[in-house]
Amino acid sequence: MTYRIFTLALSLFVTTSCSHNLPDFTSRLSARLPTDSKPEAIGEYAMGCLQGAQTFTGKEKGLVLSQMKRGRYWGHPDLINLLTRVGIEFNNSNKKIIIGDLSQSRGGPTITGHNSHQTGLDVDVWFKILTKIDGPSFRVLETEEMKQFDELGDDQIKLIKFMAHDSTVERIFINPSFKKKLCIYSGSLKLTAEEQHKMRAWWGHDDHIHVRLKCPSDSPLCASQKPVPAGDGCGDDLNWWFTDEAKAGTADASWPELKSAYLDKIKNLPAQCSFYYDTF
Ligand SMILES: [Zn+2]
């Protein structure tokens, strides 16, 4: 992006932010293309952007993209690669997994839906798994909503184990009740200590897991998170999630709150994310 466009975008931002309107470029977030440069995750998972984003070819197997309209189906190649591999695994047993949001074409904050998912290293994968071969092996749905899920079965635990076992995966967020189930589960798909360590309780996530990759080696500006606390996460730290204090953290933000939080976030992106403000 040229300096002139950057200045224009910033001035739009400055002049509109006082009245809490959204800057112009936000109206086209879902339609923009990625930058034409080498893939790189930049900044923090919840304060960063994605350069040279990649997406699916449409020839992958065992995958359904559920939210095409939102335009959040871009990722770092490590993430596309992981999802391609898990799709092959499930396709081999005539099943398909359903994928929710990855990142926008240039990563960065979204007004609704997520704090993270900004650097192309986060993805939501539904617990609901399709069991029939209906239609092509790679499918796209425009606006499918996730459904609440009541019970982890073998398919879900297999999905979790596949993801947690993968060396590119840093941590996985899951509803505290399901985490508890994983802690006491003793079937043939029982997680190893290392896999269990990556599974972390978090608010929401009763209909999907949120898989987060490590900073890739090609992304020197990617900021790693504080490591996952030691241990399997099945003891006192899990019990905390069932206290009133933990439950108080689930309150939904209002639209004005979301908007002002978004305006704050885009002001604080790393300097290397200037392409995020591009208006076309
Ligand atoms: Zn997520």
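Here are some friendly notes on the predicted model shown above.

1. **Ground rules.** Residue numbers start from 1 along each chain as its sequence is written. Because this is a predicted model, local features need pLDDT of at least 70 and side-chain atom pairs count only at pLDDT 80 or more, while totals for chains, interfaces and linings use all residues.

2. **Confidence.** The mean pLDDT of the chain (the predictor's confidence in each residue, from 0 to 100) is 85, and 83% of the residues score at least 70. Strand β1 has the highest confidence, at 98, and helix α1 (residues 3-17) the lowest, at a mean of 38. Please read residues 1-19 with care: their pLDDT is below 50, and beyond near neighbours in sequence this stretch has 22 contacts in the model.

3. **Overall make-up.** The chain holds eight helices and nine strands; these are DSSP runs numbered from the N terminus, helices being H or I with at least four residues and strands E with at least two. Of the contacts with a separation of 6 or more, 80% join residues 24 or more positions apart, a contact being two residues whose C-beta atoms, placed from the backbone, lie within 7 Å.

4. **The sheet.** Seven strands form an open sheet in the order β6-β3-β4-β5-β9-β7-β8, with mixed pairing. Strands β6 (138-140) and β8 (199-201) are at the edges with a single partner strand each, so one side of each has no neighbour in the sheet. On average, neighbouring strands are turned by 30° against each other, direction ignored. Strands count as paired if DSSP finds at least two bridges between them; β7 (residues 169-174) and β8 have three, in the parallel sense. Within this pair, F173 has R200 in β8 as its bridge partner.

5. **Helices on the sheet.** Helix α2 (residues 77-91) lies across β3, β4, β5 and β9, at about 150° to β4. Helix α3 (residues 154-165) also packs on the sheet, touching β4, β5, β7, β8 and β9, and makes about 155° with β5. Axes here are lines fitted to C-alpha atoms, for helices over the stretch in contact, with angles from 0 to 180 degrees between N-to-C directions.

6. Buried residues make up 36% of the 280 in the chain; buried means 20 or more other C-beta atoms within 10 Å of a residue's own, exposed 12 or fewer, and partly exposed in between, with C-beta atoms placed from the backbone. In α3, the buried residues are Q156, L159, I160, F162, M163 and A164. Leaving out residues up to four places away in sequence, I99 touches L63, V64, L65, S66, L83, V123 and V125.

7. **Two residues to look at.** Most residues other than glycine have a negative phi. N94 has a positive phi near 60°, and so does H117. N94 sits in the loop between α2 and β4, and H117 in the loop between β4 and β5. Are they buried or exposed? N94 counts as exposed because it has 12 C-beta neighbours inside 10 Å, whereas H117, with 27, counts as buried.
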